[in-house]
Amino acid sequence: MPSRWSDDLRACLPSFRESLLTGWLPDAFADAELLAALESGALLASPGEVAPMVARAPVHPLTVPVGARTRTVPLLPAPVHAALHTLTERALRDHRPHPSVHSAARTDWHYRRAYRARSEKLTELAAGRDPSLVQHLDIENFGTSVGLGPLLAAPWMTAELASSLREVKRRTGQCLVHATSWSTRLGAALLDPLDQVVARHAGEAWARWSDGWHVAVRDAREGERLREALAGGLAAMGLRLSERKTVLLASSEVTGGVAANVSGPADEVWRAAVGADDIRRYRYALVRAAPDPGITTVLPDLVRRHPALLPRAVRYLDGATGSHALFGAFAALWQWAARETPEKEAPFRCGRLLALAARHEELARRVPRPLLDTCRRSPVTGLRELAERVTVTAHGPGAVAEPSPRVRDWVRRGAAVQDRPPRTTTYL
């Protein structure tokens with residue numbers, strides 16, 4: 001194996017490990033084998049193997065909640081994402097984004113640090129002028145609208161990455177896959193020419209997260225000039241601004257909205273979330289909240305209203321296993337997943353709940369057996385493995401006649417709940 005490629009694989013391990021926290025479907029064994037293969041350099045022999053790997057990969061559509069709506073994303077195997085992640089990092093090795101770009105801009109990027117830095121910058125922008133106005137500009141359906149042409153024409157594009165992206169486009173119908181690390185990195189770099197347009201208009205008085213800019217402006221006329229300039233640059237890429245999201249904001253709308261403090265004590269953030277039914281504050285409160293019967297009891301109704309909170313709710317329940325309210329909340333969430341879920345949304349919901357059940361034997365025994373059997377028949381390998389693991393945990397190895405190879409190896413090792421359990425930590 002070429003030593004440079006092996007070194008690149010290992011160098012990408014920390015950033016890829018971080019990227020797994022945005023995975024829509026938790027891995028039944030926390031991707032332990034994949035991470036070991038990355039660390040040893042055994043994933044691929046050369047960069048040229050990535051495109052054929054994409055060409056052979058099974059692709060399954062997964063319907064996921066994004067805010068108040070759902071989106072169908074193509075589900076590719078984690079090794080494919082790891083390979084594309086490594087090619088992307090190689091291509092962007094010398095790319096230097098503008099300091100005002102906070103979303104996945106650098107190899108050592110870390111979600112929580114970047115989000116905090118962006119909130120601080122937005123607060124600074126909102127306080128900078130009197131009256132303070134901030135022009136928000138957002139691209140319409142950015143991820144699914146990006147074409148091959150602009151990507152292949154980027155100055156940092158490599159031949160190996162280009163051939164792999166052609167295969168991604170052929171297999172999935174799109175060039176970037178929502179919530180994957182390599183797509184986020186490529187999208188952030190692709191918009192660099194637009195960042196230069198914003199910088200010429202606003203200097204340092206702006207911030208970008210993903211495909212959304214917040215820019216301090218003096219008045220509506222200045223905001224409109226910036227909007228026109230950015231729209232022209234986007235049109236050259238085959239993209240356009242969102243009419244709904246591109247708005248002029250008062251400072252109070254910025255500091256009370258996207259820049260609102262979510263880093264305070266968890267109980268305070270939770271109370272603020274309840275008062276405004278604010279999904280953003282709920283997400284950050286659930287990550288840090290200690291087990292509380294009041295939170296645990298209301299969680300099923302909260303997730304029914306806001307299905308996008310399910311990953312964070314599962315993370316919270318994973319730390320609340322000593323609570324008497326846990327079993328009722330778990331049963332209510334399964335009822336929601338089984339009886340109140342459109343069929344196309346069931347794999348995402350069941351996958352998250354199975355990851356929690358796989359970590360706790362007492363919860364595994366409470367998963368309805370018919371649902372386990374249904375998930376074990378899924379065409380999605382990841383969901384089948386989660387269901388098989390939970391079935392073995394709850395009912396013994398004999399309950400799964402022909403387990404997948406990874407589950408079979410786990411059974412041979414003793415089928416211990418503590419052996420490489422799926423992760424519930426998430427950035428979703």
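1. The expected span of a helix is taken as 1.5 Å times one less than its number of residues. For helix α16 (residues 293-305), with 13 residues, this rule gives 18 Å, and the end C-alpha atoms lie 19 Å apart, which agrees. Helices (H or I, at least four residues) and strands (E, at least two) are DSSP runs, numbered from the N terminus.

2. The model is predicted: local features need pLDDT of at least 70, side-chain atom pairs count only at pLDDT 80 or more, and totals for chains, interfaces and linings use all residues. Residues are numbered from 1 along each chain as its sequence is written, and side-chain values use heavy atoms, with hydrogens and water left out.

3. Helix α16 has a kink of about 45° at leucine 299, shortly before proline 300; the bend is the angle between axes fitted to the seven residues ending at a residue and the seven starting there.

4. Ile295, Thr296, Leu299, Pro300, Leu302 and Val303 of α16 are buried (under 20% relative accessible area, 1.4 Å probe, protein chains only). Their cover includes α14 (266-276), α15 (279-288), α17 (310-318) and α18 (326-339), contact meaning heavy atoms within 4.5 Å.

5. An open antiparallel sheet has the strand order β4-β5-β3-β6, where pairing requires at least two DSSP bridges between two strands. β4 (206-209) and β6 (247-250) are the edge strands, each with a single partner, so one side of each lacks a neighbour in the sheet. Strand β3 (residues 133-138) is joined to β6 by four bridges, and leucine 133 has alanine 250 as its bridge partner in β6.

Conventions: Buried < 20%, exposed > 50% of the residue type's maximum accessible area, 1.4 Å probe, protein only.
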